[in-house]
Amino acid sequence: MGNVYVFDHPLIQHKLTFIRDKHTGTKEFRELVDEVSALMAYEITRDMPLREVEVETPVAKAKCKVLEGKKLGLVPILRAGLGMVDGILKLIPAAKVGHLGLYRDPETLEPVQYYSKMPSDIGERELIVIDPMLATGGSASAGIRILKEMGAKQIKLMCLIAAPEGVHRVQKDHPDVDIYVAAIDEKLDEKSYIIPGLGDAGDRLFGTK
């Protein structure tokens, strides 16, 4: 079963409070999501491998550490996932970015793929699937399945807020995928909105209704 990591860092929790606040406007909301995404990226990359190199300081030679060069890929689920990409790229500028578009069929309520554009070498990359809200888990689970069908072997899921139902769905469908969130909320309401949540992440990021 994949692990679930809840980031309790004070800066993440502080900024998440203002992300939730309905009085936070689009510009500030976007900036806060960007900042929290960068802080979460700092935590999610904690286990990245290092190798030793020798550099010459102004004083002497030193043995130091650099990233081993593990290939990373970011895959935001459109459209709300786009709001988290720039914050992550600030810390990992060499990561390649794929895009995955899904919508929910109004009759079957199942996720349907309408767009995908991925790096050609996703089988060699550790992928971070990005979606601010993990509600029912349907879109995230479908997105992970699609990536596996394309050849992805190493996948992590990164969300701002999750409902217990979404966490359980992804764990059931993809027990090999670790989940990283800033908070796990109480439940879903009858419309599958996370309670207390933050509303519709896409609408709040892009100023739509």
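User: Why is P132 called buried in this structure?

Analyst: Happy to walk through it. This is a predicted model, and in it P132 has 2% relative accessibility. Buried means under 20% relative accessible area, so P132 counts as buried. P132 sits in the loop between β8 (126-130) and β9 (133-134).

User: What is P132 in contact with, leaving aside its neighbours within four places in sequence?

Analyst: Its partners there are A80, G81, M84, C159, L160, I161 and A201. Contact here means heavy atoms within 4.5 Å.

User: Which annotation covers P132?

Analyst: The unreviewed UniProt entry has a "binding site" annotation that covers R79, R104, D131, P132, M133, L134, A135, T136, G137, G138, S139 and D200. From this set, R79, R104, D131, P132, M133, L134, A135, T136, G137, G138, S139 and D200 are in the lining of the largest pocket. The UniProt entry, also unreviewed, places "domain: Phosphoribosyltransferase" at residues 6-208. Over residues 6-208, the chain is 33% helix and 32% strand.

User: What makes A135 buried?

Analyst: A135 has 18% relative accessibility, and the cut-off for buried is under 20%, so A135 counts as buried. A135 lies in the loop between β9 and α4. Leaving aside neighbours within four places in sequence, A135 is in contact with A163, E165, G166, L188, S192 and I194. A135 and K187 are 52 residues apart in sequence, and their C-alpha atoms are 8.6 Å apart in space.

User: How do you know whether G138 is buried or exposed?

Analyst: The relative accessible area of G138 is 9%. G138 is in helix α4 (residues 138-149). Beyond its neighbours within four places in sequence, G138 is in contact with P111 and R169.

User: Why is the pair E35 and K15 called a salt bridge?

Analyst: The general idea is that side chains of opposite charge can pair when their charged atoms come close. For E35 and K15, the N to O distance is 2.8 Å. The rule asks for a Lys or Arg side-chain nitrogen within 4 Å of an Asp or Glu carboxyl oxygen, so the pair of E35 and K15 counts as a salt bridge. The pair links distant parts of the chain, with E35 in helix α2 (residues 26-44) and K15 in helix α1 (residues 10-20). By this rule the count comes to 16 salt bridges.

User: What makes R46 exposed or buried, and how does its partner E43 come out?

Analyst: R46 forms a salt bridge with E43, with the closest N and O atoms 3.1 Å apart. Exposed means over 50%, and R46 has a relative accessible area of 60%, so R46 is exposed. E43, with 18%, is buried.

Methods:
Residues numbered from 1 in each chain as written. Predicted model: local features only at pLDDT ≥ 70, side-chain atom pairs only at ≥ 80, totals over all residues. Heavy atoms only, no water. UniProt positions renumbered as here; feature names shortened; annotations may be inferred. Helix = DSSP H or I, 4+ residues; strand = E, 2+ residues; numbered from the N terminus. 1 Å grid on protein atoms, 1.4 Å probe; cavity = no way out; pocket = protein on both sides within 12 Å on 5 of 7 lines; lining within 4 Å. Buried < 20%, exposed > 50% of the residue type's maximum accessible area, 1.4 Å probe, protein only.
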